[in-house]
Amino acid sequence: MLLLYEHPLSSYAQKVKIALREKNLPFRAELPATFGTGQADGPLAAANPRAEVPVLIDGELRIFESTVILEYLEERWPEPPLLPDDPAARAAARMTEDVCDTQYDAVNWGFGEILWFRRAQGELADHLRAQAARQTRVLQDWLEARLGEAEFFGGERFGWADAAAAPMVNRSAHYGLGPKPGSPLARWHARVAERASVAATFAEFDLAAAQMTAAAELLTTGGRRREYRDHRLEWMVKSGGIEVVRAGLRAGNIRFPWPDGSEPGGKSS
Ligand SMILES: N[C@@H](CCC(=O)N[C@@H](CS)C(=O)NCC(=O)O)C(=O)O
């Protein structure tokens, strides 16, 4: 059986689980013990030097990067297809996915750093939340324009872009930043949430989100050393949270991506 290293809150892992479920592929989901620590040993780091989830394990094969995993699933099990046939429509689906995986993910992640990991308080927290709310609206407007009047991002058939966008929009809704009630994007969100593949994935998200009240403690106990990478790091800096980065580095509960950098004093990131 396929094995998926994942975390139920990870939008990338959710995208993969939706794809697996759409294709009716049985899999076992596992949260690696070292997740979120950046530890260079253990099965997660052995499968993915970046120590990120998701990782798909198919026999001897270990595949990391959610888009690469989706491509593997599509090529190995083409039915039912998630990508449309038309090259232009395929490109459109991939562009939607790319924006979701980069800019949209970064906003959701930033909001989570404040809500769940309490990286900022008072005025700074208010400011970062307001930035996230404004940017979420921009991204949802962009998605809504791409959706148009269609049932799904791929047109009449649920597919690749829907699998990528659903976890993003659903997480915004969890934060109270969902699409405008009654809007085409809100109706799409309600529609996809009823699909078995998405409903199961969202239920796992809800369960994990309910357990996040104690998440901030993980930063002081060493249970989490959060990865501040590319779009996510950029979000924190551009939105006014550079002090959050500095404080996290001082406290040692922020890390940068593999391979480790090292400071002149010999301290590694
Ligand atoms: N580009 C990667 C991103 C994966 C990623 O960032 N995963 C996060 C969870 S959402 C992670 O595992 N982070 C590790 C950490 O924070 O230590 C993909 O598409 O799979």
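This report walks through the sheet, the helix contacts, the ligand shell and some backbone details of one structure. The model is predicted.

**The sheet**

Four strands build an open sheet. Their order is β2-β1-β3-β4, and the pairing is mixed. Strands β2 (27–30) and β4 (61–64) lie at the edges, each pairing on one side only. On average, neighbouring strands of this sheet are turned by 20° against each other, direction ignored. Strands of a sheet pair through backbone hydrogen bonds, either parallel or antiparallel.

One pair can be followed residue by residue. Strand β3 (residues 55–58) pairs with β4 in the antiparallel sense, over four bridges. I57 has R62 in β4 as its bridge partner. D58 has L61 in β4 as its bridge partner. Together β3 and β4 form a hairpin, with two residues between them. G59 sits in that turn and has a positive phi of about 65°.

**The helix contacts**

Two packed helices are described by the angle between their axes and the distance between the axes.

| Helix pair | Axis distance | Crossing angle |
|---|---|---|
| α1 and α6 | within 8 Å | roughly 135° |
| α4 and α10 | 8 Å | about 60° |
| α1 and α3 | within 9 Å | roughly 10° |

Start with α1 and α6. Helix α1 covers residues 11–22, and helix α6 covers residues 160–174. Their axes cross at roughly 135°, so α1 and α6 are oblique to each other. The crossing of α1 and α6 is right-handed. From α1 come S11, Q14, K15, I18 and A19. They meet A163, A164, A166, P167, M168 and R171 in α6. By class, this contact of α1 with α6 has seven nonpolar, two polar and two charged residues.

Helix α1 also packs with α3. The axes of α1 and α3 cross at roughly 10°, so these two helices are roughly parallel to each other. On the α1 side, the contact is made by Y12, K15, V16, A19 and L20. On the α3 side, S66, I69, L70 and L73 take part. The residues of the contact of α1 with α3 divide into seven nonpolar, one polar and one charged.

The remaining pair is α4 and α10. Helix α4 covers residues 87–115, and helix α10 covers residues 230–238. They pack at an angle of about 60°, which makes α4 oblique to α10. α4 passes α10 in a right-handed crossing. The α4 side of the contact is made by T102, Q103, D105, A106, V107, W109 and G110. The α10 side is made by H231, R232, E234, W235 and M236. The contact of α4 with α10 divides into five nonpolar, four polar and three charged residues.

**The ligand shell**

Which residues come nearest to the ligand? There are 15 residues around the ligand, and S10, Y12, E52, S66 and E227 come nearest. The elements that give two or more residues to this shell are α3 (66–76) and β5 (226–227). The shell residues divide into four nonpolar, six polar and five charged.

**Backbone details in the loops**

Where do the cis peptide bonds lie? One runs from V53 to P54, with omega near 5°. P54 has its place in the loop between α2 (43–47) and β3. Another cis peptide bond runs from E79 to P80, with omega near -15°. P80 is found in the loop between α3 and α4.

N24 also deserves a look. This residue has a positive phi of about 55°, although it is not a glycine. N24 is found in the loop between α1 and β2.

Key
Residues are numbered from 1 along each chain as its sequence is written. This is a predicted model: local features need pLDDT of at least 70, side-chain atom pairs count only at pLDDT 80 or more; totals for chains, interfaces and linings use all residues. Axes are lines fitted to C-alpha atoms, for helices over the stretch in contact, and angles run from 0 to 180 degrees between N-to-C directions. Angles under 35 degrees count as roughly parallel, over 145 as roughly antiparallel, 65 to 115 as roughly perpendicular and the rest as oblique. A crossing is left-handed if the near helix is turned anticlockwise from the far one by less than a right angle, and right-handed if clockwise. Two residues are in contact if their C-beta atoms, placed from the backbone, lie within 7 Å. Ala, Val, Leu, Ile, Met, Phe, Trp, Tyr, Cys and Pro count as nonpolar, Asp, Glu, Lys and Arg as charged, and the others, Gly among them, as polar. A residue is near a molecule or strand if its C-beta atom, placed from the backbone, lies within 6 Å of it. Two strands pair if DSSP finds at least two bridges between them.
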